[in-house]
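Q: I would like to learn how to read a protein model, feature by feature. Where do we begin?

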Amino acid sequence: PDALPKTVQFTTGSGVESAPRLAIDKIEALDQERLNFSVVAHTLPPSASIDGVLGLDFLRNHILTLDFQNGEITLA
């Protein structure tokens, strides 16, 4: 993680943004845990009504199931 760029650029619906990339000790989501994981720290507007966004680097090599009928998301 020391070789990671300190700031990254990414595209959003409103344009190109930049934000710091940080290495964190642990993240847990969808009953999965990642250790020594790299994240991009970007502020989301309160109107988004979400806590964060999981990227492909978190989901990769797993089976993501979106069950709209039952309102469930699972990652196996």
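A: Begin with exposure. A residue is buried under 20% relative accessible area, exposed over 50%, and partly exposed in between. Now take Leu30. Its relative accessibility is 28%, so Leu30 counts as partly exposed. Keep in mind that this is a predicted model.

Q: Where is Leu30 found?
A: Leu30 is in the loop between β2 and β3.

Q: What is the phi of Leu30?
A: Start with the general idea. Most residues other than glycine have a negative phi. Leu30 has a positive phi, near 50°, and is not a glycine.

Q: Which strand holds Asn36, and what is its phi?
A: Asn36 sits in strand β3. Its phi is positive too, about 50°, although Asn36 is not a glycine. Asn36 counts as exposed, because its relative accessibility is 58%.

Q: Let us step back to the whole chain. How many helices and strands does the protein have?
A: The protein has 1 helix and 5 strands. The pattern is β-β-β-α-β-β.

Q: What box do the C-alpha atoms fill?
A: Taken along the principal axes, the box is roughly 40 × 30 × 20 Å.

Q: What percentage of the residues count as buried?
A: The protein has 76 residues, and 13% of them count as buried. Val8 gives a case to look at. Its relative accessible area is 10%, so Val8 is buried. Val8 is found in strand β1.

Q: How do I read distance along the chain against distance in space?
A: Compare two numbers for one pair. Val8 and Gln69 are 61 residues apart in sequence, and their C-alpha atoms are 36 Å apart in space. Next, take Lys6 and Leu30. They are 24 residues apart along the chain, with 27 Å between their C-alpha atoms.

Q: Is Lys6 buried or exposed?
A: Lys6 counts as exposed, because its relative accessibility is 70%. You will find Lys6 in the segment before β1.

Q: And Asp25: buried or exposed?
A: Asp25 is exposed, at 64% relative accessibility. Asp25 lies in strand β2.

Q: Now charges. What can side chains of opposite charge do?
A: They can pair when their charged atoms come close. A search of the whole structure finds 2 salt bridges.

Q: Which side chain meets Glu28 in a salt bridge?
A: The side chain of Lys26 does, at 3.3 Å from N to O. Now apply the exposure cut-offs to this pair. Glu28 is exposed, because its relative accessible area is 55%. Lys26 has 45% relative accessibility, so Lys26 counts as partly exposed.

Q: Which residue forms a salt bridge with Glu33?
A: Lys26 again: the closest N and O atoms of Glu33 and Lys26 are 3.7 Å apart. Glu33 is partly exposed, because its relative accessible area is 41%.

Q: What do salt bridges that share partners make of Lys26, Glu28 and Glu33?
A: They join Lys26, Glu28 and Glu33 into one network.

Q: Which elements each supply at least two residues of the lining?
A: They are β1 (7-12), β2 (15-29), β3 (32-40) and α1 (56-59). The largest share, 4 residues, comes from β3.

Definitions and conventions: Residues are numbered from 1 along each chain as its sequence is written. This is a predicted model: local features need pLDDT of at least 70, side-chain atom pairs count only at pLDDT 80 or more; totals for chains, interfaces and linings use all residues. Side-chain values use heavy atoms; hydrogens and water are left out. A salt bridge is a side-chain nitrogen of Lys or Arg within 4 Å of a carboxyl oxygen of Asp or Glu. Buried means under 20% relative accessible area, exposed over 50%, partly exposed in between (1.4 Å probe, protein chains only).
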